[in-house]
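Subject: Structure handover

Hi,

I am passing a structure on to you, and I hope you enjoy looking through it. Please open it first and then read on.

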Amino acid sequence: MNPTWEDPIPDEEDDENTYDKGFNHGRDAVIFLVDATWEMFEVNEEESPFQLSLKCARTTLTNKIISSSKDLIGIVLFGTEQTRNTRNNTDFQHIYMFQDLSEPGAEKVLETEELMSLDGLSFCEKYGNSVDFSLADALWVCGIMFSNCKFSLAHKRILLFTANDNPHEGNPQLQIQAQTKARDLHENDIDIDLMHIRKPNSIFDCSKFYKDIVMIPDDEVYQMPNAAERFDDLLTRVRCKDHRKRPLGKLQFTIGEGIKIAFKMYKLVVPTSKPATVKLAKEMNQELITVSSTYLSDTGELLLPSDIKKYQEYAGKKIYVADYEAKLIRNFGEPGLLLMGFKPKLYLKPHYHLKPSLFLYPDEKSIQGSIRLCLALLIQCLKREYVPICRMIARQNDPPRFVALLPQEEHVDERGLQTIPPGFHVIYLPYTEDIRSIKIEKKHHPSEALVEKSKEIIKKLQFAYHPESFENPVLQKHWRNIEALALNRDAPEEIIDYTLPTKDVIEKRAGKLIAEFKLLLCPNVPDPSTSTYATSVKRPRLDEDAVPISLQHEVANGLLARYKANILKEFCKRNGIRCPSGAKKAEIMEAIKQYYHEQ
């Protein structure tokens, strides 16, 4: 299992219904530590590694404004001729703090874009390049920035961007100092992640220096991903590290007597929507705070929570229930998972889906050995194609539910990046009354040729679907407009709506098959493109013999509805029965009934 996937960062906006209260609430702080030596400005496919690094920082800033505006981001350059940092430019030479830790905003985005636009010569004139830096000093500056932050931090991370795999080659003292400082930062819960970039016609070897900077637990099997060459690859790795994997809570999985696995629960997919409207005071333009109070209707006296009681009416009497008694009624036991048994995976049907599943990942900090035991259980479930059936109480006062733990195997791409994490999906199982049997009457039986032609069309139009490939165009347009206003753009960036069907691709792949399908479905229908289809078709003349002489028998026996509306209307015309203009069939029938009742 990849030890860097699990990243418990709580959300400070979680309400009182959060599953677990054991997390240290605070903000997420990220520092982009970027190498600014001359090697970083060698152009690779129209962009230098330095520009790729700042482009990732700029994208992260804009994403944070949308998703986590309270998080803190800073940018530090090392290997510059100029010096500016938190120690009054005396101790840490060639370390330039471009942006201190602060909330993302339009000003920081514009500053990053201006720095990103500089080429090698322009940057050298403004900031300079130097190889006389110490990486230990750069890490020390980042540590001081975290210490001087006035906010409570839940997670601290340094993203180190470089294209040089051995910055202190030939200087063992600087190497030891950097390794010692990196170890100190890890002991202070500051993670260091290497975002290495490969230069043209070269190989980035992490074993030369950076394997001792990026600390990996000794008991875990983990391989560093390959060095990135393109912006998409680098940004994917940054998002994997920077994305807030917020746990919903902790659960202990009881397998047997004295055998437990600690898990953390996650939601892998969460719907995204526009932010809620914020009410502002028109005088000061400050956010309004809503305060709710309860008053006695008779006297207008303010009621405290202790003055309010709950009751249940039974047999005409009000039975009052205290708060602690209501909690005891809803209490079904301690939160956790209890193993009930195992079932073959094929017993888990697609129509059992009730609501989105949760994802379980082992929590080594709560119970040591959870990763090993979870991995052993995961391997056996995948090998034998079985799923554990458990009783689950998600949190305190929650009713118990029966769930199936669907195992998921880890997948990595060709670059060594994890695409699918290992763990278990919590599938909520339905009760008997949740499943209904629906009788579907087939009124049309298509021919075998029509079915085969449909299969051919579906096969031609299939493609590899991934949710990230289709962005919500409404949300994208909303945020692009806000971004344009905040950054003083003349017009927002154009967006491509990938949800619209690509008609040219459909025509190229299955145009001929679709035309053949139409001919099989409606063989006698003329082509809409021809002129005969557009000519008006005259309505056939009503048969004189179809209009009955009398409808008295039909009115008496309730058989009037079997005649068409045009026949009934003609009958009314012949017998002088008044009907409103444009009357419907029901109104015509009512007029005929009234006609016979009056006789």
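First, some ground rules. This is a predicted model, in which local features need pLDDT of at least 70 and side-chain atom pairs count only at pLDDT 80 or more, while totals for chains, interfaces and linings use all residues. Residues are numbered from 1 along each chain as its sequence is written, and side-chain values use heavy atoms, with hydrogens and water left out.

**The whole chain**

The protein chain holds 15 helices and 18 strands; these are DSSP runs numbered from the N terminus, with helices being H or I of at least four residues and strands E of at least two. Of its 599 residues, 38% count as buried (buried is under 20% relative accessible area, exposed over 50%, partly exposed in between, with a 1.4 Å probe and protein chains only). The accessible surface is about 39,000 Å², and carbon and sulfur atoms hold 51% of that (Shrake-Rupley method, 1.4 Å probe; for residues, only the protein chains shown count as cover). Among contacts in the protein chain with a separation of 6 or more, 70% are between residues 24 or more positions apart (contact means heavy atoms within 4.5 Å).

**An open sheet**

In what order do the 5 strands of the open sheet lie? The order is 3-2-1-4-5, and the pairing is mixed (two strands pair if DSSP finds at least two bridges between them). Strand 3 (95–102) and strand 5 stand at the edges with a single partner strand each, so one side of each has no neighbour in the sheet. From one strand to the next, the twist averages 15° (axes are lines fitted to C-alpha atoms, for helices over the stretch in contact, and angles run from 0 to 180 degrees between N-to-C directions).

Leu 159 has Asp 193 in strand 5 as its bridge partner.

Helix 1 (residues 49–67) lies across strand 1 (27–35), strand 2 (72–78), strand 3 and strand 4, at about 165° to strand 1. Helix 2 (residues 106–116) lies across strand 2 and strand 3, at about 155° to strand 3.

**Aromatic rings**

There are 15 aromatic pairs, counting rings of Phe, Tyr and Trp (its six-membered ring) whose centres lie within 6.5 Å; planes under 30 degrees apart count as stacked, over 60 as edge-to-face and the rest as tilted. Tyr 465 and Phe 470 are stacked, because their ring centres are 5.7 Å apart and their planes are at 25°. Tyr 465 is exposed at 58% relative accessible area, whereas Phe 470 is partly exposed at 31%. One aromatic cluster is formed by Trp 38, Phe 41, Phe 50, Tyr 96, Phe 123 and Tyr 127.

Lys 318 lies over the face of Tyr 311, 5.0 Å from the ring centre, and Lys 355 lies over the face of Tyr 428, at 4.2 Å.

**Two loop residues**

Asp 189, in the loop between helix 5 (172–187) and strand 5 (190–196), has a positive phi near 60° although it is not glycine. Its relative accessibility is 58%, so Asp 189 counts as exposed. Asn 397, in the loop between strand 14 (386–393) and strand 15 (401–408), has a positive phi near 70° and is also not glycine. Asn 397 is partly exposed, at 24%.

Best wishes

Note on methods:
A charge sits over a ring if NZ of Lys or CZ of Arg is within 6 Å of the ring centre and within 35 degrees of the ring normal.
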